[in-house]
Amino acid sequence: MSENARSTDIILAGVGGQGAVLASKLLARAAMERGLSVKTAETIGMAQRGGSVFSHVRLGEGAVSPLIGRGRADAIVAFEPAEAVRQLPFLRAGGVVVTSDAPVIPVSAATGGPAYDLPAIMSYLRERVGEKNLAVVDAAAAEAALGTARALNVVLLGAAARAGALGPVTADDLAAAVRATVSPRFLDLDLRALSIGPANWGQSPNSSKLGTVPN
């Protein structure tokens, strides 16, 4: 909960094609079904495949503007680790980061630009956020469990909910939003994606890997 305000401020970040906008819509719907006031702002114009995409989601009556100020976000949920780093200036002290460990290599890195150094990126996140406030989702294990990488956005939402990073919104709330929003074609997949990770994970945010479906 942000200081001096009755709101929970969350940034969802990824690249075009990862479903960041759908994730923000699911989160907003889940919050509204709980009776919460919701304000969102999205960078839909940058949603071409490979471009940076992020959404500001503010839950609660304390949110006056849809935009989250620098140093005010309670949580960053990132579908790509470099995008988590890109959004770090918005995270408040003690805020939580839930991120995938799967990189999306930008075109610039493949055409002679600066190299994409995943170990350095993850090390920077651990240093800046702190081990106890950083949760890393094992994207490869999640893909293996689901048979596809398509639902990684929903996997991250479920992980964030179990970490307590979404304020009052729970994994059950997200499941209800998925049932109300997602096409029947993908419904079973997305519901399974919400359950990825140990059932008891997320009592407090940590840097444990996720990716196994609970028995």
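User: Where is Ala163 placed, and is this residue buried or exposed?

Analyst: Residues are numbered from 1 along each chain as its sequence is written, and side-chain values use heavy atoms, with hydrogens and water left out. This is a predicted model, in which local features need pLDDT of at least 70, side-chain atom pairs count only at pLDDT 80 or more, and totals for chains, interfaces and linings use all residues. Ala163 sits in the loop between α6 (152-162) and α7 (171-181); helices (H or I, at least four residues) and strands (E, at least two) are DSSP runs numbered from the N terminus. Buried means under 20% relative accessible area, exposed over 50% and partly exposed in between (1.4 Å probe, protein chains only), so at 5% Ala163 is buried.

User: Which residues of α7 are buried, and what covers them?

Analyst: The buried residues of α7 are Asp173, Leu174, Ala175, Ala177 and Val178. Their cover, judged by contact (heavy atoms within 4.5 Å), includes α1 (20-33), α6 and α8 (184-194).

User: Which residues does Val169 contact, leaving aside its neighbours within four places in sequence?

Analyst: In general, nonpolar side chains tend to be buried together in soluble globular proteins. With those neighbours left aside, the contacts of Val169 are Leu27, Ala30, Ala31, Arg34, Leu59, Ala161 and Leu174.

User: How many residues apart in sequence are the parts that Asp9 and Arg58 tie together?

Analyst: A salt bridge is a side-chain nitrogen of Lys or Arg within 4 Å of a carboxyl oxygen of Asp or Glu, and Asp9 forms one with Arg58, the closest N and O atoms being 2.9 Å apart. Asp9 belongs to strand β1 (residues 8-15) and Arg58 to strand β3 (residues 52-59), so the pair ties together parts whose separation in sequence is 49 residues.

User: Is Arg92 buried or partly exposed?

Analyst: The side chain of Arg92 meets that of Asp74 in a salt bridge (2.7 Å, N to O). Asp74 is buried at 6% relative accessibility, whereas Arg92, at 25%, counts as partly exposed.
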